[in-house]
Amino acid sequence: MFKSGEKREKDYPQVTEHSTSKYPYRLNFYDTPPLYDVTLEEFETTALNRLRILAEIESSAARNRSWDELKTVTTAQCQKYLPLSASTARTVDRDTERRNDHLSHFVLRLAFCRSEDLRRRFVKAETTLFKIRYDGDGQDDRSRFLESRKSNWTVVTDAEKELYRAELNSCYQGFKTESDRIAAFATETFHKVKWTRVPDLVEKRRVFLKGGWAYVPHREQSSIIFQEFEAHLEKCLQATARSLPRLDEDTRLLPILDNLSQGFLAGISSEWGSNTGNNNENDIKAEMVDGLARKHFPLCMRNLHESLRRDHHLKHFGRLQYGLFLKVLGLSIEEAVAFWRKSFSKITDDKFNKEYKYNIRHSYGLEGRRANYSAKSCQQILMASPAEQGACPYRHYSPENLQTALLSSYSSQGLAYSDLPEILAIVKASHFHVACTRVFEITHSACGGKKGDGVGGGESVTHPNQYAARSMELHKAKAESATKTAKDEAMDM
């Protein structure tokens with residue numbers, strides 16, 4: 001995909017490097033595309049890793065996390081999926097880390113340039129990621145990066161600073177005491193830029209305006225950089241969109257790009273996306289499923305379970321979706337056969353064995369081509385037709401039906417009518433998996449869950465099995481803690 005000869009590489013302006021490294025700076029404006037061969041696996045894997053971070057950034061915004069909370073969650077996600085070490089790091093392969101960062105950005109450009117909404121969301125998430133990295137960068141690394149940019153701003157001379165001292169002073173705020181402000185102002189350096197480059201500072205009245213120029217103190221310099229990054233990325237995405245039709249005939253890339261472009265809709269499931277077997281220490285028995293559904297299942301799986309109990313039947317794709325969910329949860333093939341036979345109580349054993357047992361064994365990889373199928377992720381469920389059993393209720397239910405479903409399913413677990421406006425507002429903003437995450441937080445508050453924790457570590461729900469497994473873990477930990485407390489009290493007596 002990103003292949004080019006030496007001649008093409010010379011066509012792009014190169015940033016002056018003050019190091020032998022190909023990527024001398026941790027921060028990157030992504031001016032030059034990756035001009036080298038990459039495998040399809042690397043193309044998709046690096047992009048998915050970056051998309052997990054961007055999807056979590058967007059989820060954090062929908063969940064009204066503070067800036068400090070957002071930085072903490074995003075930094076943890078970056079360390080897990082797309083580490084980017086400082087230039088002072090000596091025990092890591094910095095070039096490989098920065099190459100992955102570089103490549104993943106450009107792959108996602110291809111995926112998110114195709115509509116105005118996707119471009120807007122991508123720019124917002126990428127700019128937030130850049131701000132977090134900028135704040136976390138060392139002062140020396142940051143200064144060298146800014147020098148390499150050669151941004152078009154003018155340093156205000158001492159004479160000009162003195163000429164507008166009163167005006168500059170009036171905008172120079174944010175200090176605890178007047179003496180601190182006066183001392184800082186005396187050593188402050190100001191830069192002149194066109195006011196259109198710092199609209200956020202103009203809006204907050206933190207700069208002096210004169211003749212179309214904004215006088216920006218050095219401590220607010222980041223605002224210039226952030227605005228420049230955002231404007232640069234918007235322009236590049238539009239250029240990429242104009243070039244995208246050239247990829248229409250590439251059947252290798254388009255399915256990957258189509259899949260990536262759905263990433264903001266439901267996040268990207270991590271370890272649950274590839275799990276195909278038991279994730280619990282104890283096997284699930286057929287007779288346990290009813291109780292587990294009431295206490296631990298997300299709304300989509302509860303709906304399938306209730307339909308099965310009511311009708312004693314599920315359509316083919318509903319059976320497949322629910323069966324794979326139970327399989328990953330820990331239901332063995334023997335227990336699965338017993339569960340489905342008991343559920344399909346209106347048919348004879350002969351009919352069940354002929355028409356249904358084979359498909360159950362097939363989903364466990366015991367028949368046919370013996371593929372070990374994985375359960376559907378939230379992203380796959382969200383893409384399903386609303387007519388299908390097991391479609392996402394947060395996306396396809398009307399507000400009235402969703403309220404009724406939530407209260408009937410989770411009121412016994414702490415969900416109150418007063419919680420519904422917040423959840424419906426999240427749904428209205430099309431952050432469906434965030435709404436599901438908020439329901440998880442509310443219904444698990446008795447087990448120590450708090451707003452912002454998600455399913456653990458601040459992560460959002462991206463897979464039904466992630467929801468159920470985490471719910472079971474929290475309840476198990478609560479039960480063990482209660483048992484231990486009871487034993488300790490008994491010993492004290």
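Biologist: With which residues is Thr-128 in contact, leaving aside its neighbours within four places in sequence?

Modeller: Thr-128 is in contact with Ile-57, Trp-67 and Leu-70. Contact means heavy atoms within 4.5 Å. This is a predicted model, where local features need pLDDT of at least 70, side-chain atom pairs count only at pLDDT 80 or more, and totals for chains, interfaces and linings use all residues. Residues are numbered from 1 along each chain as its sequence is written, and side-chain values use heavy atoms, leaving out hydrogens and water.

Biologist: Where is Thr-128 found, and why does Thr-128 count as buried?

Modeller: Thr-128 is found in helix α5. Its relative accessibility is 15%. Buried means under 20% relative accessible area, exposed over 50%, and partly exposed in between (1.4 Å probe, protein chains only). So Thr-128 counts as buried.

Biologist: What makes Glu-167 partly exposed?

Modeller: Its relative accessibility is 33%. That value falls in the in-between class, so Glu-167 counts as partly exposed. Glu-167 sits in helix α8, residues 165-171. Helices are DSSP runs (H or I, at least four residues), strands are E runs of at least two, and both are numbered from the N terminus.

Biologist: How far apart are Glu-167 and Lys-210 in sequence and in space?

Modeller: They are 43 residues apart in sequence, and 9.9 Å apart in space, C-alpha to C-alpha.

Biologist: How do you know that Asn-64 is exposed?

Modeller: Asn-64 has 66% relative accessibility, so it counts as exposed. Asn-64 lies in the loop between α2 (40-62) and α3 (67-81). Its phi is near 60°, a positive value in a residue other than glycine.

Biologist: Why is Arg-205 called exposed?

Modeller: The relative accessible area of Arg-205 is 71%, so exposed is the word. Arg-205 is in the loop between α10 (199-203) and β3 (208-210). Phi of Arg-205 is near 55°, again a positive value in a residue other than glycine.

Biologist: Now α4. How do you know that its reach is close to the expected one?

Modeller: Helix α4 covers residues 94-112, which is 19 residues. The expected span is 1.5 Å times one less than the number of residues. For α4 that gives 27 Å, and α4 reaches 27 Å from its first C-alpha to its last.

Biologist: What makes α4 mostly covered?

Modeller: 14 of its 19 residues are buried.

Biologist: Why is α4 called oblique to α11?

Modeller: The axes of α4 and α11 (residues 221-243) come within 9 Å and cross at roughly 60°. Axes are lines fitted to C-alpha atoms, for helices over the stretch in contact, with angles from 0 to 180 degrees between N-to-C directions. Under 35 degrees is roughly parallel, over 145 roughly antiparallel, 65 to 115 roughly perpendicular, and the rest oblique. So α4 is oblique to α11. His-105, Arg-109 and Leu-110 of α4 make the contact with Leu-233, Cys-236, Leu-237 and Thr-240 of α11.

Biologist: What makes α4 roughly antiparallel to α5?

Modeller: The axes of α4 and α5 (residues 116-136) cross at roughly 160° and come within 10 Å. That angle is over 145, so α4 is roughly antiparallel to α5. In α4, Asp-101, His-105, Leu-108, Arg-109, Ala-111 and Phe-112 meet Leu-118, Arg-119, Phe-122, Glu-126 and Arg-133 in α5.
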